[in-house]
Amino acid sequence: MNPSLLQTPIDYLKGIGPNRADILRKEIGVHTYGDLLNFFPNRYLDKTRFYKINQLQRNSAEVQVVGKIVNIRTVEQKRGKRLVADFIDDTGKMELVWFRGHKWIRENLKVNTPYVIFGKTNWYNGIFSMPHPEMELVEEYKKNLRTAMQPVYPSTEKLAKSGITNRVFSKCMQQLFIESGGKFYDPLPADLREELHLLPRAEAIFNAHFPKNQELLAKAQFRLKFEELFYIQLQLLMKNLLRKKKIKGFPFDEVGKNFSEFYEKHLPFELTNAQKRVIKEIRQDLGSGAQMNRLLQGDVGSGKTIVALMSVLLALDNGFQACLMAPTEILATQHYNGICELVENLGISVRLLTGSTKTAERKEIHEALRNGELHLLIGTHALLEDKVQFKNLGLAIIDEQHRFGVAQRARLWKKNHLPPHVLVMTATPIPRTLAMSLYGDLDVSVIDELPPGRKDIKTVHRYDTNRLKVFAFLKDEIKKGRQVYIVYPLIQESEKMDYKDLMDGYESIAREFPMPNYQISIVHGQMKPADKDYEMDRFVRGETQIMVATTVIEVGVNVPNASVMIIESAERFGLSQLHQLRGRVGRGAEQSYCILMTGHKLSADSKTRLETMVSTGDGFEIAEVDLKLRGPGDLMGTQQSGVLNLKIADIVKDNDILKTARYHALQLLKEDPNLELEKNKVVRFTYSQLVKKKNIWNYIS
Ligand code: ADP
Ligand code: MG
C-alpha cells in the first residue's frame, strides 16, 4: 500500500463523517487510516464450527465444543470454592469451571449427555479450561441458527451512543481493505519471517479483522503481537547500545585495598549467590569503559545495601567519590549508621547530608567534597542542591528509585565532566516482563534469593471487630521482648482525616498500653524531622516497644527486633505498599507476623489484595497480581502511565512472545548493530519512522 494512504485522515473514509471522526479521535485515538487498521478486536465469537479439544489454540478466542461431562467436583482454593467439571470428547479432556452459583449449576448439569459448550478458553498448567461456559444440550442446539465468526471491537459509551457499533467498525475495515487493495508493506525482514513462520503482515492484518478460522487468527495475532513487541525491544536495545557507545564512563579497573580488605576481613556474613552474581555484573559494567546505568531489583530484605557498599568501595579504590541517595531522612540516616559501622576499620570518610544538616556542618561537607577529602556522601534530595559539588563523583547510587523522578536522576549527571555510573536500587519488584519493556534500555540485575535462615512472615487478615484479640496478641509479643509497628494510611487527598485517624488510633493504643509498662513512639509526616528522628531513634534503640506511624516508615527501616506489623485500614493500601510495610518485620531471628486490619466492607480488588498478601510472601508474585489489578501505567506511578500504549500485545499475557521478540531483536542487533545490511532495510526504515514519532523511549530514561 502506498504509505501516504495510511496517513489519510480518518474523516475521508466512507461512512465516517466529521462527527464520527471526532469521536474516533477522542475516544480511541484513531486519527488516520493506519490507526484504524491497527485498532483490533479484543475478542471473537466463533459459532461457525465445532472444535475438537485437541484443536484448541492458546488465543483466548471463544469457541464451541461438543462433548460430555464425566465428572463434577468442588475444588477448594485460596479464594473460595470453585466447581469443576471434566469435559471430554473423543480427542481429549478439558475443564469447565464455575466460581459462582454452584448449587444451582450442579443440580442442573447432566452427566454423560452430549452438550454444546461455548466460551472463552484459558490455558493453564497444561490443560484448557472454560470458565462459566454457555451450555446447551445438543438436542436443543440443533434447532438454532448459526452465525459467522465475528470480531468484537472494544467499545466505549460514547462510541456506542454515536452509532459506531461493531458493524460500523467491520464495514470501515472492509472499506480500508478495498481502498488499499489489501497490500501493506511488511516491517519484518524476510529471514526473520521465515525462521518464525510468521504470516505476511497484510495477511495478518486481514485475519485479525476478518478471521477465516481459529488457526489463522492465532497466527495473525502472534505475528502482530510479535511485531509490536519486537519494535519496542529493538528501540530499547538500540538506545542502550547508543548509550554505551556514546556515553563514556570512568573505567574502574582496579580492585584495590578497600574492596579486598572489606571482602576478606569485614564482611559480616557470607554473601548469597545472588549477591555475588550481582556484584560481578556490576564490576563488569564498571570496568567496561562505558557508563553503567543499572537497575538493581531485590525484594525487601534481600540485602541490597551490601551490594551498594561494595560498589562504592570499587569507586573509592579507583580514586573516585561516591554518593548514596535515599528518599527519606530516616532511611538516609539508617544507611549512614549502618554503613559507618561496616566500614569502621577501613579508614574512609563518610558523611550524611539531609535537609536538617546544620549550616556549619553543611559548609564543612561542601568543602570536603570539593577538595576530595570526603569519599562517600549519603543523604536525601539535599544531595541534588547546586552547592553540592564533588571533586570527582564516580558512582551515584539511588535507593528506592520509585520515589525519585527521572529529572532528578538526570541532575546527578551534571555534577561532573563525565556522568557517574548510576545504580538504581528498588525493592518494589517490577514484574520481569514489565521491567524488560520499560527498562529495556537499562541493564537489570535481580537479587532473587533471600539470606539464609529467614522465616516466613505469618500474615493474617483480621476485622476491626477483633481488635481486642489482636491487642492481647501484641501484649504477649511485647512480653517476650519484641517490638511492634502499627501503621496508618496517609494519602494526600484526605490528609486531615488520616491525621485524625492516626491520632484517634494513637490515643486508643495509649489507653490500651499505658505507661510506664509500655512506651510508644509516634512518627508522622507533619512532624519536624528532628522530632521524627528522636522518636524513631527511641524505637531503634528499643526504648519504646510500639511504633505508631504513617507510611513514612514504609521503605528501608531496619529494626530486627520488631516482630509484628499491624496495618490499619489495610484495604486502602496498594499491594506494593503492603508488601513494603510487611518487609519491615521478619528481619531478626524471631517468628514475625503481619496483621492486616480492615472493616467488613471490602471491594473485590481490596479482597484480592488482602488474599494475595496472606497467601504469598514473594514480591515478584505480588507484583504480578498488582500489575493485573492496576495495569502497568498505575504500577509505575502517574509519570509513566500510558507509556506502554500497546495496540495488540498484552504485557502480562504475552510474556512468552515478549521474550521471543527480545531475543530476536538482540540477535538482529548483534549481527547488524547499525541496521546497515540490505536485508534489514525495512527494519531501518520502520525504526526511523518510529523514532520520528516520539515513542516511549522519550519518557523513560
Ligand atoms: P534490602 O535489600 O531490603 O535493602 P538490606 O540490605 O537492608 O536489605 O538487608 C537486610 C538485612 O539482611 C540486613 O540486616 C543485612 O545485614 C542482612 N543481610 C544481607 N545480606 C545478607 C547475607 N548474605 N547473609 C545474612 N544476612 C544478610
Ligand atoms: Mg534497603
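Predicted model: local features only at pLDDT ≥ 70, side-chain atom pairs only at ≥ 80, totals over all residues.

Me: OK, what about C323, buried or exposed?
Reply: C323 counts as buried, because its relative accessibility is 0% and the cut-off for buried is under 20%.

Me: And C594, buried or exposed?
Reply: C594 is buried too, with a relative accessibility of 0%.

Me: Switching to the ligand. Which residues are closest to ligand 1?
Reply: The closest are E270, G301, K304, T305 and R454, out of 16 residues that surround ligand 1.

Me: What kinds of residues make up that shell?
Reply: The shell around ligand 1 has 7 polar, 5 charged and 4 nonpolar residues.

Me: What does the side chain of K304 do there, in terms of distance to an oxygen atom of ligand 1?
Reply: An N or O atom in the K304 side chain is 2.7 Å from an oxygen atom of ligand 1. For R587, a side-chain N or O atom is 3.5 Å from a ligand oxygen. Q275 has a polar side-chain atom 2.9 Å from a nitrogen atom of ligand 1.

Me: How much of ligand 1 does the protein cover?
Reply: On its own, ligand 1 has 560 Å² of accessible area, and the protein covers 79% of that.

Me: New topic: strand β18. Why is it largely enclosed by the rest of the structure?
Reply: Because 5 of the 5 residues in β18, residues 483-487, are buried.

Me: Which way do its side chains point?
Reply: Q483, Y485 and V487 point one way from β18, V484 and I486 the other way, and all are buried. In a regular strand, side chains alternate between the two faces of the sheet.

Me: Which strands are joined to β18 by bridges?
Reply: β21 (residues 562-567) is joined to β18 by 5 bridges and runs parallel to it; there, V487 stands opposite I567. β20 (residues 546-549) is also parallel, with 4 bridges to β18, and M547 in β20 is the bridge partner of Y485.

Me: How about H132, where is it found?
Reply: H132 is in the loop between β7 (127-131) and β8 (134-137). Its phi is positive, near 40°, and H132 is partly exposed, with a relative accessible area of 29%.

Terms used:
Residues numbered from 1 in each chain as written. Chains lettered and ligands numbered in written order. Heavy atoms only, no water. Buried < 20%, exposed > 50% of the residue type's maximum accessible area, 1.4 Å probe, protein only. Helix = DSSP H or I, 4+ residues; strand = E, 2+ residues; numbered from the N terminus. Pairing = 2+ DSSP bridges. Near = heavy atom within 4 Å. Polar contact = N/O pair within 3.5 Å; in protein donor to acceptor, adjacent residues only side chain to side chain. Areas by Shrake-Rupley, 256 points an atom, 1.4 Å probe, with all protein chains shown as cover. Nonpolar A, V, L, I, M, F, W, Y, C, P; charged D, E, K, R; others polar.
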